[in-house]
Amino acid sequence: MSKIVKLKKGFDLKLVGKAPLELIQVAAATTFAIKPTDFPGIQRPKVLVNEGDTVKAGTPILLDKAMDQVIYASPVSGEIVEIKRGDKRKLLEIKILADSSVSHLKVGALDLGQDRATLAEKLAASGVWPNIIQRPFGIVANPADSPKAIFVSGFDTHPLAAEVPFILQGEGRYFQAGIDALAKLTTGKVHLNVDGAKQVDEVFAGIKNAQVNQFSGPHPAGNVGTQIHHLDPINKGDIAWTVSAYGVSQIGKFVLEGIYDASKVIALTGSEMSQKGYVKTYTGANVSSFLGGIAQPETLRIISGNVLTGEKIEKDGYLGFYHNQVTVIPEGKYEEFLGWLKPSASKLSFHKALGMFSFLKGGEFKVDTNNHGEERPFVVSGVFEKVMPMDILPTYLFKAIVTEDFDEMEELGLYEVIEEDVALCEFVDPSKNELQNLVRHGIELLMYN
Amino acid sequence: MKLLQNLFDGMKPNFEKGGKWEKFHTLYEGHRTIAFAPDLITKSKGAQIKDATDLKRVMITVVIALIPALLFGILNIGHQHFIATGEGGAFLDKAIFGALSVLPILIVSYAVGLATEFTFCVIRNHPISEGYLVTGMLIALVMPPFIPLWQVALATIFAVVIGKEVFGGTGMNILNVAMTARAFLYFAYPAQISGDLVWTSSELWSSLADKPALDGFSGATALAVAYNSSIDGTPVVEALTTHNAAFGADYSFMSMFMGWIPGSIGETSTLMALVGAVILVATGVASWKIIVGGFGGAYIMGLVMNAFAGEGMDVNQFMAMPAHYHLVMGGLAFGVVFMATDPVSAAQTELGKWIYGILIGVLTVIIRVTNPAYPEGIMLAVLFMNVVAPLIDHYVVKANKTRRLQRATV
């Protein structure tokens, strides 16, 4: 039975710099990178190629020795130009210089009639597997597990996020094939959760083999963590998987055509992005060619992903594996005279405290990276609860992690959240704590102890 | 503003590592961030943008909400004084007299409190927190107008050190800091903080204008009048009216609601507390659940008391006082709006806030009516519920955990 869930709690950040729904022409990216740091679960990364090797799209270039059946593949064909390591030889980036036309490693279409284990094994070896994320913990799934259900969010409510139906245009056939494959991998159902406030999009209409649920409400209604909580929550010992809509269609393409196709449509957004719109590129693209025409990039923050959960990258940095958006906003490194007291309607705030009139002003806000205050202990209560549409007590959960109380962390629901689920809490927190880091710290405590 | 920025920049090297005042770095930062919102930027991972509201803004909102109570308190002190001396003072006279009594208390509270706070911040190398902005004002407003200043200083130090810093500073305290200050004086120097004589006499004014209070004048608070009536058996409302006729202070319901009665500086006016409540609730800074629960709990408990005070029952007259009188007498309104809602010492779960608020109201009335030693109940009720709040939260949190566990079995 499909479910209709209407959420009230949350907050939509309406920002300047939305990408218009059209593909624009920019210079194509020529280098691409796989960053092991994009995958929080990787414990012992091992590079399978050397500098100077030539690879095809789909050639394995990385694996995690702790789970070596899953490979991480090259998104494009070309030459490995650099294996970048940081302090203590920590692996940071494997850079690939792309050929002018991408040639794929072909392994042949996948027969979905095979048994589950073989299917999982073949997907794990193909390069598409890292799209499958395990909950709890938000790490790449283990092919040996049988999840109780698989969840796919068909819309993204993050600020300035790419429109999922737009980036999946014309991929309907692959999307269905991906759903079919996932349905074989779970003992339960595949849930496809679509935006309940809109007409069901063409790419999702008539989808078989999945339960289609409708979610509506402010962000984080589109977060798969929120959706799981309302459909089939994760308890201690449970394992569920999540896949992004893009990931599903990538898996589907592998099933139907036997190739790892890392091409993706990404959104170029943010108030300072010179050319806003959608471009077609590949996973891990170097972003510098998308930023053409931006003057003084050092005064700007270039973000792989969205402003709530994304990551700062350099102007010649690389798009994160799971990201389909580049956002550019101003850096906020300035002092403001009595900035904590001045009334303002143009500063974005969830609160209505003295002089904060943004709630009266409609429309879109221009934001920068100013921290708007120093870090403080938790003082104000009841704020996190207003942006957390789950039956979870965020303040108590955070305090349990701070005090490293394992029982409390488990009992208060750390199995149900990852970073993106508390990103709004981090945004609205008047005490400016780093709550996403805190949650990852708690998850690591639970995972490795 | 460049000038001020340059001034700070010029001092900065002294406070940095290796500078001669390195130890006082936190003071430098504290003052600079008051003048200028800091130029910190978000970290490279996690939320790249942050909400424009910080703790300073939240705290200053509470201070603004307290201003109506402060201004009215200043005026009322002058008003009470001129009733006591039997002459009619002009508005300006009242305001000046009130300001002369209140401002020294306010200054001592802030100066001593901040000095204590700064000392701890330097010793512990903590950033200076903005919590004392509110506490300093609250401590002044719960003092009687003619309290010796050294007592204000002593109470402030006690409250900041024992009430807050020993627990780890702002955000960690168990008890409301301002209530701790008042409770300290209440038990250490009862003569100066309660009784009939502390509300309207003023050596200050006497020396300035050479006009002592009228002989035999009693500036008893409404609660004291009510308490006395419970001993001699007159109905409370009647006793209040009699007192009114004898001394000129108007103890009618409306007058008490407005706040033209003797009492601590900021507590007398229910109206001003409600104005503050509107500010706090509209800005989302205080929990409306605690405020509504507090007033509701007191009213309901008043009705319960009334029910047990029917004909032929041998009970004290205080019990028979109309329940709505409880809401305008003493410091209930001030305490419920400004003290009970302190987010650190209050219950922190949403259901817990209801329970916490209601119990504060209920307890206040019980203490007032049934306890001969303490005419005012709100202080003890808030402090007691501060202690109980974590227990309330514990059960609300436990219910949340249980829901999660039960989910697993189905």
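**Stop 1: the second largest pocket**

Start with the lining of the second largest pocket: it divides into 14 nonpolar, eight polar and eight charged residues. Here Ala, Val, Leu, Ile, Met, Phe, Trp, Tyr, Cys and Pro count as nonpolar, Asp, Glu, Lys and Arg as charged, and the others, Gly among them, as polar. This is a predicted model: local features need pLDDT of at least 70, side-chain atom pairs count only at pLDDT 80 or more, and totals for chains, interfaces and linings use all residues, while side-chain values use heavy atoms, with hydrogens and water left out. Residues are numbered from 1 along each chain as its sequence is written, and chains are lettered from A and ligands numbered from 1 in the order in which they are written.

The pocket holds about 740 Å³ of space. Select A:F378, A:Y396, A:K399, B:G171 and B:Q348; of the 30 lining residues, these are the closest to the centre. Now colour helix 7 (394–402) and helix 10 (435–448) of chain A, together with helix 19 (378–409) of chain B; these elements each give two or more residues to the lining. Helix 19 of chain B gives the most, with eight residues.

Some terms for this stop and the next. On a 1 Å grid over the protein atoms alone, a pocket is an open set of points with protein on both sides within 12 Å along at least five of seven lines; a cavity is a set where a 1.4 Å probe fits but cannot get out; lining residues have an atom within 4 Å of a point. Grid points are joined across faces, edges and corners, and a volume is the space filled by probe spheres set on the points. Helices (H or I, at least four residues) and strands (E, at least two) are DSSP runs, numbered from the N terminus.

**Stop 2: the largest cavity**

The structure holds eight cavities of 30 Å³ or more. Go to the largest, with a volume of about 350 Å³. Its lining has 25 residues; B:M59, B:G131, B:V134, B:D342 and B:P343 lie nearest its centre. Show helix 3 (55–85), helix 5 (131–141), helix 7 (177–188) and helix 17 (332–339) of chain B, which each give two or more residues to this lining. By class, the lining has 16 nonpolar, seven polar and two charged residues.

Which helix gives the most to this lining? Helix 5 of chain B does, with four residues.

**Stop 3: helix 5 of chain B**

Keep helix 5 of chain B selected. Of its 11 residues, 10 are buried (under 20% relative accessible area; exposed is over 50%, partly exposed in between; 1.4 Å probe, protein chains only). Among the buried ones are B:G131, B:V134, B:M137 and B:L141. The cover includes helix 3, helix 4 (91–124), helix 6 (149–164), helix 7 and helix 17 of chain B.

Zoom out to chain B. It has 19 helices and one strand. Buried residues make up 56% of its 410 residues. Contact means heavy atoms within 4.5 Å. Among chain B contacts between residues at least 6 apart in sequence, 71% join residues at least 24 apart.

**Stop 4: the sheet in chain A**

Switch to chain A. Five strands form an open sheet in the order 16-15-19-17-18, with mixed pairing. Strand 16 (277–282) and strand 18 (311–313) stand at the edges, each with a single partner strand, so one side of each has no neighbour in the sheet. The twist averages 35° from one strand to the next. Axes are lines fitted to C-alpha atoms, for helices over the stretch in contact, and angles run from 0 to 180 degrees between N-to-C directions.

Select strand 15 (residues 263–269). It pairs with strand 16 in the antiparallel sense over six bridges. Two strands pair if DSSP finds at least two bridges between them. Find A:L268 opposite A:G277, then A:S263 with its bridge partner A:Y282. On strand 19 (residues 325–330), three bridges join strand 15 in parallel. There, A:T269 stands opposite A:T327.

Is strand 15 of chain A enclosed or exposed? Seven of its seven residues are buried, so strand 15 is largely enclosed by the rest of the structure. A:S263, A:V265, A:A267 and A:T269 point one way, and A:K264, A:I266 and A:L268 the other.

**Stop 5: A:V255**

Finish at A:V255, in helix 5 (residues 245–257) of chain A. A:V255 is buried, with a relative accessible area of 4%. Not counting residues up to four places away in sequence, A:V255 touches A:A109, A:L110, A:L112, A:A177 and A:A181.
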